[in-house]
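Let's take a walk through this structure together. Have a look at the fold first, then read on.

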Amino acid sequence: MDTESLYAPYADEKYAAFSSRLTKNHDLPYKGVRIPVLRKLAKELESFPYEIRYHEDVLLRGFWIASRKIPFAEKKELIESHLENLSTWDEVDTLSSSIKPGKTDLSDVYDYFYTLISDNRVMPRRLGIVTLMSLRKLYPEKREEILEATVMADSSEYYISMAVAWSLSFFYIDDRSTESWIERVSPETAKRTWQKIRDSRRC
């Protein structure tokens with residue numbers, strides 16, 4: 001079963017071409033369905049019976065997983081099964097931003113994504129870094145632990161370096177004492193971090 005008919009009313013060739021240029025390292029074709037539409041479609045799905053054939057299928061399954069009203073222990077199994085599908089930064093970052101843990105799941109969510117920060121695969125590691133960055137204010141007592149893991153996760157691999165820079169920039173905006181952590185990453189990642197901090201001040 002595929003998503004051809006599901007996407008048919010929303011597919012946009014020009015948007016598909018634009019999106020594919022942004023992600024560059026994608027390994028699936030694009031249909032040109034916008035993120036808000038995919039989020040809406042995901043919430044309407046009771047199950048996910050579709051074969052992964054398009055970039056949007058990866059996004060859709062990520063949104064579907066995140067929107068499921070199930071304990072995180074069950075959701076974690078779905079995320080684990082989804083990791084192999086992740087090949088672009090937006091597939092990672094849209095899933096990450098959709099994770100909204102309930103109070104009873106906070107500990108399990110933290111433990112899982114903290115573990116991913118040291119994963120040896122690029123996109124799962126990025127998922128761990130950016131998810132704990134986005135959820136950092138839920139875990140104020142874990143600040144130094146997250147920062148230590150983030151710094152240790154730094155890599156010459158572009159999408160990891162950018163994730164580390166992004167995370168450190170947010171922690172720095174929260175608390176300037178983060179500068180001591182920025183000094184511990186590679187010169188390239190530090191440069192990217194300071195650029196993100198400067199960009200945030202222009203907004």
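How much space lies in the largest pocket? About 240 Å³. Of the 15 residues lining this pocket, the closest to its centre are Ala66, Arg68, Lys69, Lys75 and Lys100. Helices α4 (55–67) and α5 each supply at least two residues of that lining. By class, the lining has 6 nonpolar, 3 polar and 6 charged residues. Ala, Val, Leu, Ile, Met, Phe, Trp, Tyr, Cys and Pro count as nonpolar, Asp, Glu, Lys and Arg as charged, and the others, Gly among them, as polar. A pocket here is an open set of points on a 1 Å grid over the protein atoms alone, where a 1.4 Å probe fits, with protein on both sides within 12 Å along at least five of seven lines; lining residues have an atom within 4 Å of a point.

A quick word on the source: this is a predicted model, local features need pLDDT of at least 70, and side-chain atom pairs count only at pLDDT 80 or more, while totals for chains, interfaces and linings use all residues. Residues are numbered from 1 along each chain as its sequence is written, and side-chain values use heavy atoms, leaving out hydrogens and water.

Helix α9 (residues 143–152) holds Glu144. Glu144 is exposed, with a relative accessible area of 54%, where exposed means over 50%.

Note on methods: Helix = DSSP H or I, 4+ residues; strand = E, 2+ residues; numbered from the N terminus. Buried < 20%, exposed > 50% of the residue type's maximum accessible area, 1.4 Å probe, protein only. Points joined across faces, edges and corners; volume = space filled by probe spheres on them.
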